[in-house]
Amino acid sequence: MLYKSLQSVTGTILVADDQAANRELLEELLTTQGFKVITVSDGADVIQELIRTQVDLVLMDVMMPRLTGFQACEKIKNNPDTYLIPVILITALSDRQDRIEGIKMGADDFLSRPVDRTELLARVRSLLRLKQRTDELERAESVLFTLARSIEGKDPYTHGHCERLAEYSARLGEQLGLLEDEITALRRAGIVHDVGKIAVPDAILLKPGRLTPDEWTIIREHSVVGERICAPLKSFRFVLPIIRHHHEKLDGSGYPEGRRRDEIPVQSRMMTIADIYDALTAGDRPYKKGIAKEEALDILDQERQAGHLDEALLDVFVEAKIYEQALAPAVSPSATDRRRPMR
Ligand SMILES: [Fe+2]
């Protein structure tokens, strides 16, 4: 712990104030503490600077020309590329209303004028420490996503499948009024659902012919292996059950646990529908064209009648035309087709 407390926190801080004297004061204080400082004089320049530079924290005055601190803060927090950057607003000592407004705009912390040096440094270090942890988490997530995409990339006919699956599932979740966290989990699960295939030898994964029963046993382990791979990431706790159960079927004939109906997480039931639809429609293969959506919907209906799919969820998928809203069209590569759908 001693080592941790002595570790220095570093980072790039964007200081915004329309008063040159205030900017210079903050710049001097922060640079002498080892931080890299960039200064700008209004809220619009803050937004421009964030496009150009990797910034770890924004420290800005509230009253500024062009964009105020509140307006700039709102823009930062509404942009998926910048919303994780901590923002400290500098307000008048007694202005309670300013702080309430700042909280509404998503500000992470406040400082009162005149700025107390010790308080400023404590708040800056605390938020930068938090930012470092968020960055580490983001790096871990992006490693997982890269791994999942590299497995998808082994099969040229599945190009874009993970992204489309994430999009179909998330839109189905939105249509059903799921909470934001649940929709985020669906998106993540869409990308990483088959990451467990890393443990399946290529000779089986890409085998052109029929699989033996032993080979099927190995394939079927991928949902449990995928869950295990993602388990160390705390931010993936809602994603794990979706991955584990994405091959369950309503009548209990799926895997890994043979769960039935409501025993299967609803997000897994949603993803299964999207997974089958995309496997059927995506990409032409040398001896099998990606089939038209009407035929794919017929097959989904047959799956429903066979007792495999959730009737109500499939109704929403069809009636809200979720299937028409995907992105990333599949490519039609010229290599030999090796993929079996609905594995
Ligand atoms: Fe799978």
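1. Let us begin with Glu49, which lies in helix H3 (residues 43–52); helices here are DSSP runs of H or I with at least four residues, strands are runs of E with at least two, and both are numbered from the N terminus. With a relative accessibility of 11%, Glu49 counts as buried, where buried means under 20% relative accessible area, exposed means over 50% and partly exposed is in between, using a 1.4 Å probe and protein chains only. The Glu49 side chain makes a polar contact of 2.6 Å with the side chain of Thr53. Such a contact is a pair of N or O atoms within 3.5 Å; within protein, one must be able to donate a hydrogen and the other to accept it, and residues adjacent in sequence count only if both atoms are side-chain atoms. Beyond its neighbours within four places in sequence, Glu49 is in contact with Leu14, Ile38 and Val40, contact meaning heavy atoms within 4.5 Å.

2. Before going further, a word on what you are looking at. This is a predicted model, in which local features need pLDDT of at least 70 and side-chain atom pairs count only at pLDDT 80 or more, while totals for chains, interfaces and linings use all residues. Residues are numbered from 1 along each chain as its sequence is written, and side-chain values use heavy atoms, with hydrogens and water left out.

3. Asp275 is another acidic residue to look at, and it is found in helix H13. Is Asp275 buried or exposed? Asp275 counts as buried, at 11% relative accessibility. Its side chain makes a polar contact with the side chain of His161, at 2.9 Å. Leaving aside neighbours within four places in sequence, the contacts of Asp275 are His161, Leu165, His193, His246 and His247.

4. Next, how H13 packs against H14. Two packed helices are described by the angle between their axes and the distance between the axes. For H13 and helix H14 (residues 293–305), the axes come within 9 Å and cross at roughly 140°; axes are lines fitted to C-alpha atoms, for helices over the stretch in contact, and angles run from 0 to 180 degrees between N-to-C directions. H13 and H14 are therefore oblique to each other, since angles under 35 degrees count as roughly parallel, over 145 as roughly antiparallel, 65 to 115 as roughly perpendicular and the rest as oblique. On the H13 side, Ile273, Ile276, Tyr277, Leu280 and Thr281 meet Lys293, Ala296, Leu297, Ile299, Leu300 and Glu303 of H14. By class, this contact has eight nonpolar, one polar and two charged residues; Ala, Val, Leu, Ile, Met, Phe, Trp, Tyr, Cys and Pro count as nonpolar, Asp, Glu, Lys and Arg as charged, and the others, Gly among them, as polar.

5. H13 also meets helix H15 (residues 311–319), with axes that come within 10 Å and cross at roughly 50°. H13 and H15 are therefore oblique to each other. In this pairing, Val266, Arg269, Met270, Ile273, Ala274 and Tyr277 of H13 meet Leu313, Leu314 and Phe317 of H15. The class count for the contact of H13 with H15 is eight nonpolar, no polar and one charged residues.

6. Please also look at the loop between helix H12 (240–244) and helix H13 (266–281), where Leu250 is found. Leu250 counts as buried, at 6% relative accessibility. Leu250 and Ile264 are 14 residues apart in sequence, with their C-alpha atoms 7.7 Å apart in space. Apart from neighbours within four places in sequence, Leu250 has contacts that include Arg260, Arg261, Arg269, His308 and Asp310.

7. Some backbone details in that loop may interest you. Tyr255 and Pro256 are joined by a cis peptide bond, with omega of about 10°, and Pro256 sits in the loop between H12 and H13. Arg261, found in that loop too, has a positive phi of about 30° although it is not a glycine. Arg261 is partly exposed, with a relative accessible area of 43%.

8. Elsewhere, a cis peptide bond joins Arg113 and Pro114, with omega of about -5°. Pro114 lies in the loop between strand S5 (109–113) and helix H6 (117–152). Arg66 has a positive phi of about 60°, although it is not a glycine. Arg66 lies in the loop between strand S3 (57–61) and helix H4 (69–78), and it is exposed, with a relative accessible area of 59%.
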